[in-house]
Amino acid sequence: MAVAAPAGQVIGRLKDGSLAIRVRRGDTAYGIARRHNVSLRALIERNRLAPPYTLRVGQVLAVPRAQVYTVRKGDTLYAIAKRHAVDLNALIRVNGVRPPYTIHVGQSLRLPDRWDQGATATARAQPPPRRETSAPPPRRPETAAAPPPAAQPTSPPRPASAAVRAPPSRVGGFIWPVQGEVISRFGGAGHGLKNDGINIAATRGATVIAAESGVVAYAGNELRGFGNLLLVKHQDGWMTAYAHLAEMLVARGDTVERGQAIGKVGASGNVKTPQLHFELRRQTRAVDPLQHLRSATAMLAR
């Protein structure tokens with residue numbers, strides 16, 4: 001079986017160890033990240049790519065160097081995570097390790113970067129037991145699981161190259177995207193992790209509404225850990241994000257009005273219970289949504 005060539009053309013290495021990649025026809029950010037074994041979020045942040053993350057032929061990208069660990073005799077996933085100060089669930093997820101979480105001598109494991117660990121911070125998965133041990137290589141080695149397919153939008157999908165219109169005028173402040181209780185707040189999430197938004201527990205299938213009038217800049221599930229994700233661009237450099245959706249009711253390029261239904265609450269991505277991960281950004285900086293949502297104190301967990 002022929003081995004697929006790496007996405008993009010490798011043209012050198014930068015001072016920080018990152019690979020310099022020249023984009024070729026047909027390349028996507030997701031394809032380049034997957035071929036070079038780095039998280040899509042890391043690639044996006046390293047190159048300051050803006051939604052909808054469309055690449056240009058000839059564009060040069062810096063691909064962060066992935067840290068890889070080779071399993072030695074006596075190693076366990078728990079011990080490796082502790083030794084390298086990485087999140088155990090993130091280590092399991094990025095390497096597609098299945099229960100009973102057995103690893104074997106000589107196996108290469110990618111150590112999760114801070115973006116992988118950030119995406120895992122809101123997950124409610126139970127960690128594996130500490131009794132996993134090294135074993136001979138399995139007959140068919142596990143491969144990392146592919147991201148779940150995106151829910152089919154009810155609006156006709158637009159091609160990735162479709163132009164996104166300028167967002168409409170803002171109505172007058174951001175409103176709550178869904179009714180529910182805040183179960184994870186903005187900021188530090190423990191173990192050196194950070195939540196760039198808030199997580200709101202809600203009933204599965206509950207309607208998610210646009211917090212402000214805008215235009216849909218992204219609708220898909222390529223950002224690992226976030227599941228079905230919508231990004232809505234607003235005037236004055238504002239953007240809102242809606243993640244873990246069960247269903248997306250709008251498509252890229254759609255103009256939405258404040259209070260319009262844009263999705264349904266689900267548990268897609270790396271969460272186990274129905275909830276909405278909601279972010280509010282000004283330019284590229286994440287800000288605390290609770291400082292900008294109307295009647296914020298009424299929704300906080302007791």
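## A three-stranded sheet

Three strands form an open sheet in the order S1-S2-S3, and their pairing is antiparallel. Strand S1 covers residues 9–13 and strand S3 covers residues 60–63. Both stand at the edges with a single partner strand each, so one side of S1 and one side of S3 have no neighbour in the sheet. On average, neighbouring strands of this sheet are turned by 30° against each other, direction ignored. The model described here is predicted.

## The pairing of S2 and S3

Strand S2 is made of residues 19–22. How many bridges join S2 and S3? The two strands pair over four bridges, in the antiparallel sense. Within this part of the sheet, Ala20 stands opposite Ala62, a residue of S3.

Where does Arg48 lie? Arg48 is placed in the loop between helix H2, residues 40–47, and strand S3. The phi angle of Arg48 is near 55°, which is a positive value in a residue other than glycine.

Is Arg48 buried or exposed? Its relative accessibility is 79%. Exposed means over 50%, so Arg48 counts as exposed.

## Asp236, in the loop between S12 and S13

Another loop holds Asp236: the one between strand S12, residues 228–233, and strand S13, residues 238–248. What is the phi of Asp236? The angle is positive, about 65°, although Asp236 is not a glycine.

Terms used
Residues are numbered from 1 along each chain as its sequence is written. This is a predicted model: local features need pLDDT of at least 70, side-chain atom pairs count only at pLDDT 80 or more; totals for chains, interfaces and linings use all residues. Side-chain values use heavy atoms; hydrogens and water are left out. Two strands pair if DSSP finds at least two bridges between them. Axes are lines fitted to C-alpha atoms, for helices over the stretch in contact, and angles run from 0 to 180 degrees between N-to-C directions. Buried means under 20% relative accessible area, exposed over 50%, partly exposed in between (1.4 Å probe, protein chains only).
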